[in-house]
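Hi everyone, thanks for coming. I'd like to walk you through one structure today, so please have a look at the screen.

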There are 2 protein chains.
Amino acid sequence: MPKVSIEQLIDKNKKDIIDDYFTFLKYPSISSEPEYKKEVLACALWLRDYLKKLRFHVELWPTEGHPTIFASNLDAGPEKPTLLIYNHYDVQPVDPIEKWHSPPFTPTVAKGAVYARGAQDNKGQCFYVLQALKLLLKRDGALPINVKWCIDGEEEIGSPGLSTLLPKKHKELRADYLAVIDLGLRNVKVPAVTLGVRGIVTMDVELTGGTTDLHSGTHGGIAYNPNHALVELLASLRDSKGRVTVPGFYDDVSVLSKKDKELLAFDFDADQFAKDTGAEPLGGEQQFTPLERAWTRPTLEINGISGGYAGAGFKTVIPAVASAKISCRVVPDQDPEQIGKLVANHLKKAAPKGMKVSVHLHPGAGKAARASLKSKIVQATAEAYEEVFQKPCEYIFEGGSIPIAPALAKASQSEMVLFGLGASSDLIHAPNEHFSIDRIEKGIRIITRLLELLS
Amino acid sequence: MPKVSIEQLIDKNKKDIIDDYFTFLKYPSISSEPEYKKEVLACALWLRDYLKKLRFHVELWPTEGHPTIFASNLDAGPEKPTLLIYNHYDVQPVDPIEKWHSPPFTPTVAKGAVYARGAQDNKGQCFYVLQALKLLLKRDGALPINVKWCIDGEEEIGSPGLSTLLPKKHKELRADYLAVIDLGLRNVKVPAVTLGVRGIVTMDVELTGGTTDLHSGTHGGIAYNPNHALVELLASLRDSKGRVTVPGFYDDVSVLSKKDKELLAFDFDADQFAKDTGAEPLGGEQQFTPLERAWTRPTLEINGISGGYAGAGFKTVIPAVASAKISCRVVPDQDPEQIGKLVANHLKKAAPKGMKVSVHLHPGAGKAARASLKSKIVQATAEAYEEVFQKPCEYIFEGGSIPIAPALAKASQSEMVLFGLGASSDLIHAPNEHFSIDRIEKGIRIITRLLELLS
C-alpha cells in the first residue's frame, strides 16, 4: 500500500492543526516583561507535554529567566544523520496595544491569515515543525533521521539563558546539521533560503540634568533641559547621509565577496515596501542600496525615546531625566560587545556639560551568522523548498538577528542553514502580527521533505 | 477695646486653618486630564460653599471645561475702591507618580511644610487669601474695601474658559486694582513684588514615518526611523549657544529699559539653584545672564518626547510615529500665537523627506504681562510685604506664565500687581510639591494688610 501523502494528512487533520495552533498562540509568553514569567512557563509546559505525547524525550533546561525546551527522537539510529532544529516559543511585547484590531492573545482569522502576537515570530514557524514531526510519526511510526530540537524561551531578549547553557550541553546538542527556523522569504511566492543574519547589541541611555522635574516657566532659560540634551546627543550619532558617526563603528565590517554581491543583486521592490509599511526606503546609509543596507551593513537605531510628559493635554515641565533605547545590528567580523562599548563611550564622551550620562549595555549581544551555500544542509533545504513551491530557490540574507544561531552552530559542531516562511508584511514585533494558514501547510511539507532528503 | 490682631486670630484658629487647607488639597483637581472632570467640579463646589458661608455672593461661571468661581463682597460701598483678586483651584498632573514620597492628594506635613500637588501652586496661595478674608470678616464683620475674586479652574491649561468669558463679564469684573496671586519670591526671607510674567504658547508635534511599527532588524537600514527624524528635527531648533533657530523668533522681543535692567541686576545664586534643583544654570541663550534668560528672554522647551518602546526590557522596533510636546515662553511685544505659527511652520518646512509632520497648537496661548512700579497697587503691596517681613521689598520678574493676567487687567480696566509667596524650591509642577505653613500665615497677614492699606 502506498504511503498517504503529507498533503492528505494535513487535509484530514486540518481542524486539530488549527485548534492546536490557536492554543499555542493564546499563551502570552512575553519574555522581556517580568510580570509574564508564569505565562512563559505555562507555554513551555504545554509544548513539553505535546512533545511527550509524540514520545519525544523532553527536558526543560532551567535558566535564570525562562527555560529552554530540549526534545529529541534518536530512534533513526547512529547510521542516520542528526538534525538539530532551533525555534523559540517566546514573543515580543504588544505595545502599542491600542493599534491591534483584535486582542494579541486571542487568535483571529481574517482572509486566510491568523492574527496574534507570535502568529509568525516564532510560534507559527515552531508550530509547522511540530506538526511535521507529528504527522511523520503518525504516518510512519518513526522519523527518517535523528532529530534534536531546541526551543528557546528567551530569543526576543537575546537568549541569555541558552547562551550560558551551551558550554554545558554540547554533548546533548551535538548534530550534523543545524536548521534555524526563524527566517522568511523575500516574496511569499518565491522559495528562499537565508545565508546570513546580522548580530545585535542593545542598550539603554539615560541623561540626568537635575534631581527633580522643574517648571519650564520659572526655570526655562536657566535649567538645561535633558530632552534638548538628548535630542542633540542622539542626532549627533548619524550624519546627513545616514552614516553612523561613532568612531570605529565601521572598522571591522567585512567587505562583500563577489558571490555575495551577486546574491544581493535583486531589485528592491519599493512599491511592495510602501504597500507593506506605508514608507519610502529612506533609512540608513544613502551610499548603499536598500538591500545592502538591511543585509550587509551595520545600523544604529533608536528603538525608544522618552522624557517629560507625553500624556493627554500638556505639562509645562523640564524633566530631570530623559532616556532612549538604542540597538545596533552588526555584520560578520564585527564584535557586537565591542560595538556596544564604542557607542557607549562615544555617548559618554559627547554628553553635554551639566548632563550625567549613564549607558546600560543589555546582556545577550550576539554575532552575525553565515551559512555556506555549498553545504549539504543548505542544498537539501533549497531542494525541499523548490519541490513545495515548484520554483527555483533564492538565496537571501536577513537584517534581523538570531544571536544564538552562530553560538549554537559552534556548540553542536554542525553545518547551519537558516530559513523560514516569514514575509515582511507579517508585522512581526508590531501590532496586528499575522501568518497565513497556507504557509503553515507549506512549512509542514517543507520540514517533512527536508527530513526525507537528509536521510 | 483694641482689635484682636490677625496674628492672634491665626494662632487661635490654627487647627481649623490646617484642616481646611488639607480638605482643599485632597481634591485631585487636575484640569488637563479629562478623567478628573468630576473631581475638579467637586473642588469648585467646596470653594463655592465655603465662600457662601462667609456671605460672599458666589457664582460658578460655566465654561466648556471647568467652571470659574466668581465671588464678591461689595459691602464696603461705592466710596471704597474695588480689588479684583485672581487665583486658581486647578492643579498640574502628578507624573512621574513614582517619584512622590507621599501620595500627591494626601497632604503630609514634614519639617513645617505641607506636601501635596497644589500645596503651593495655586491652592496654597488661594487658601491664604481665603483665610485672610474669613478672619477679617470674623473680626470686623466687614471688609475694608470691595473685593471681587476670580478663582480659575483652568489656569494650568491656559484658562481657555475664562478667556472666552472675559468680553461677556467685564461689568462684573470691573475693579480699580487687580492682584494676581500666583507668584513667588526670589528668596523666602526677602519680600518681593513681581513686575512681569512671560506669556506662553504650547504645541504637539507628531512625525509619522509609516503606517505601522516595524522590526528594526528586518527593516533597519531601509525604513527611516521617526525617532531619528524627530531628534534631528528637534535638535535643529536651537544652536550651540542655546539660541532658538526658528526664523523671526526674536523679531518682536522688546529691549529692556534702563530701569528694568537695574531691577534685574541681582546676583543669581547658583549655589541655591544647585541645591534646589541638582543642576547648574546651563540652559538657554548663553549670551545672557541666568535671570535675564528666565525673566526677559523667550524660550523654546521640549516638555515631552516619546517614540517607540520605553518600558522595561527592550523591543527592537522602528515606531510608525514619534512625537514631542513643545512650549515657548514669550516676552512683552511678542504675540504668542504668531510665535506658535512660526515654530509650527518651521517644523513643517524642516521636516525630513519621508516624514509626515503634524503640529497641533493648543488653545490658551497668552501674552506676557507687566505691572507698573509706580502704581498705587504695586506700592501698597510692597508696603504690606515690608511690614510683614520687616525688610525692604524687592521688585522681580517671573519666567512662568499667567496667560489670563493681561487679559483680566484689560477686561477689568484695573491696575495690576503680581505677587505671591512661592519659592523655587517648592517643586511646583514636579513630584513632592510643598509649601510652608509659615508662608500660609505670612500670606494671611499680607492680604489683610493690603486690604487695609487700599481702604
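**A helix and its surroundings**

Let me start in chain B, with helix H11, and with what lies over its buried residues: the cover includes strand S9 (199-208), helix H7 (226-235), strand S11 (299-308), strand S13 (321-330) and strand S14 (356-361) of chain B. Please keep in mind that this is a predicted model.

Which residues of H11(B) are buried? They are B:Pro336, B:Ile339, B:Gly340, B:Val343, B:Ala344, B:His346 and B:Leu347. These residues cover an arc of only 160 degrees around the axis, so they sit on the same side of H11(B).

Now to the two chains together. Chain B can be laid on chain A by a turn of 180 degrees with a shift of 0.0 Å along the axis, and the RMSD is 0.0 Å. The two copies are therefore related as by a two-fold rotation axis. Both copies use the same surface, since 100% of the contact residues of chain B recur in chain A.

How many residues of chain B are in contact with chain A? There are 82 of them, and they meet 82 residues of chain A. On the chain B side, the elements that each supply at least two residues are strand S10 (214-215), H7, helix H9 (270-277), helix H10 (290-295), S11, strand S12 (317-318) and S13. S11(B) gives the largest share, 9 residues. By type, the side of chain B that touches chain A divides into 29 nonpolar, 38 polar and 15 charged residues. Notice that H7, S11 and S13 of chain B turn up here and also in the cover of H11(B).

Within chain A, the domain assignment gives domain 1 (6-198 + 368-454) and domain 2 (199-253 + 298-361). Their C-alpha centres lie 35 Å apart. Between them, 6 residues of domain 1 of chain A are in contact with 7 residues of domain 2 of chain A. The domain 1 side of that contact has 2 nonpolar, 2 polar and 2 charged residues.

One residue I'd like to point out is B:Arg198, in the loop between strand S8 (192-197) and S9 of chain B. Is B:Arg198 buried or exposed? It is buried, because 32 other C-beta atoms lie within 10 Å. Beyond its neighbours within four places in sequence, the contacts of B:Arg198 include A:Gly217 from the other chain, along with B:Arg329, B:Ala368 and B:Ser401.

Last, a few backbone details. Most residues other than glycine have a negative phi, and most peptide bonds are trans. A cis peptide bond joins A:Asp95 and A:Pro96, with omega about -5 degrees. Another joins B:Asp95 and B:Pro96, with omega about -10 degrees. As for phi, A:Lys111 has a positive value near 50 degrees, and B:Asn432 has one of about 65 degrees. A:Lys111 counts as exposed because it has 7 C-beta neighbours inside 10 Å, whereas B:Asn432, with 20, counts as buried.

That's my tour, and I'm happy to go back to any part.

Notes
Residues numbered from 1 in each chain as written. Chains lettered and ligands numbered in written order. Predicted model: local features only at pLDDT ≥ 70, side-chain atom pairs only at ≥ 80, totals over all residues. Domains from an automatic or database assignment. Contact = placed C-beta atoms within 7 Å. Nonpolar A, V, L, I, M, F, W, Y, C, P; charged D, E, K, R; others polar. Buried ≥ 20, exposed ≤ 12 C-beta atoms within 10 Å, placed from the backbone. Helix = DSSP H or I, 4+ residues; strand = E, 2+ residues; numbered from the N terminus. Arc of directions from axis to C-beta. Least-squares fit on C-alpha atoms with pLDDT ≥ 70 in both.
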